[in-house]
Amino acid sequence: MPATPPPRPAGTPVRLVERRLPPDLDEALLARLVDGFYERVRGDERLGPVFDAAIPPGAWPAHLARMRAFWGSVALGAGGYDGRPVPKHVGLPGIDDALFARWLALFRATAEDLASAETAEILVEYAERIAHSLRLAVAFAEGRDTVGLERLRAG
């Protein structure tokens, strides 16, 4: 009988394939990415008002910390994020494909400014998947047909 692997501690991510991370992809880079990206978002004429309406000024430090944990979980498998992003985005007024495309363009620009080309592409790929998942959830919640909803690309 084959040996049974030890139980995985609660909250530990399951890794089906071991992946090698680029040397610059670490928590420090992700913190700079999150902070720089949201600085651009808050200054953007289209995205800024949406985020300002959803996140009170005093809540930004907590939001940024949550986003750092989110990206650490996504990109590093750190497992520190325990939120539910879909309910936070469904029902936000004004969320449409143009906003998602703008979000992706700002994300790509920030990633390319801060990371190596390889790391930027990895992070943008994650962002595109996340945006697509959120777009599907928003469309579904609004009762729209999601069949054929293609993934947006980050310019």
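Axes are lines fitted to C-alpha atoms, for helices over the stretch in contact, and angles run from 0 to 180 degrees between N-to-C directions. The model is predicted: local features need pLDDT of at least 70, side-chain atom pairs count only at pLDDT 80 or more, and totals for chains, interfaces and linings use all residues. Residues are numbered from 1 along each chain as its sequence is written, and side-chain values use heavy atoms, with hydrogens and water left out.

**Helix pair**

- The axes of α1 (residues 27–43) and α3 (residues 60–76) come within 9 Å and cross at roughly 130°; helices are DSSP runs (H or I, at least four residues), numbered from the N terminus.
- Contact (heavy atoms within 4.5 Å) involves residues of α1 including Leu 30, Val 34 and Tyr 38, and residues of α3 including Trp 60, Leu 64 and Trp 71.

**Cavity**

- The model has 1 cavity of 30 Å³ or more; a cavity is a set of points on a 1 Å grid over the protein atoms alone where a 1.4 Å probe fits but cannot get out, and lining residues have an atom within 4 Å of a point.
- The largest cavity has a volume of about 50 Å³, volume being the space filled by probe spheres set on the grid points, which are joined across faces, edges and corners.
- Among the residues lining the largest cavity are Ile 95, Phe 100, Arg 135 and Leu 149.
- The largest share of this lining, 3 residues, comes from α6.

Note on methods
1 Å grid on protein atoms, 1.4 Å probe; cavity = no way out; pocket = protein on both sides within 12 Å on 5 of 7 lines; lining within 4 Å. Helix = DSSP H or I, 4+ residues; strand = E, 2+ residues; numbered from the N terminus.
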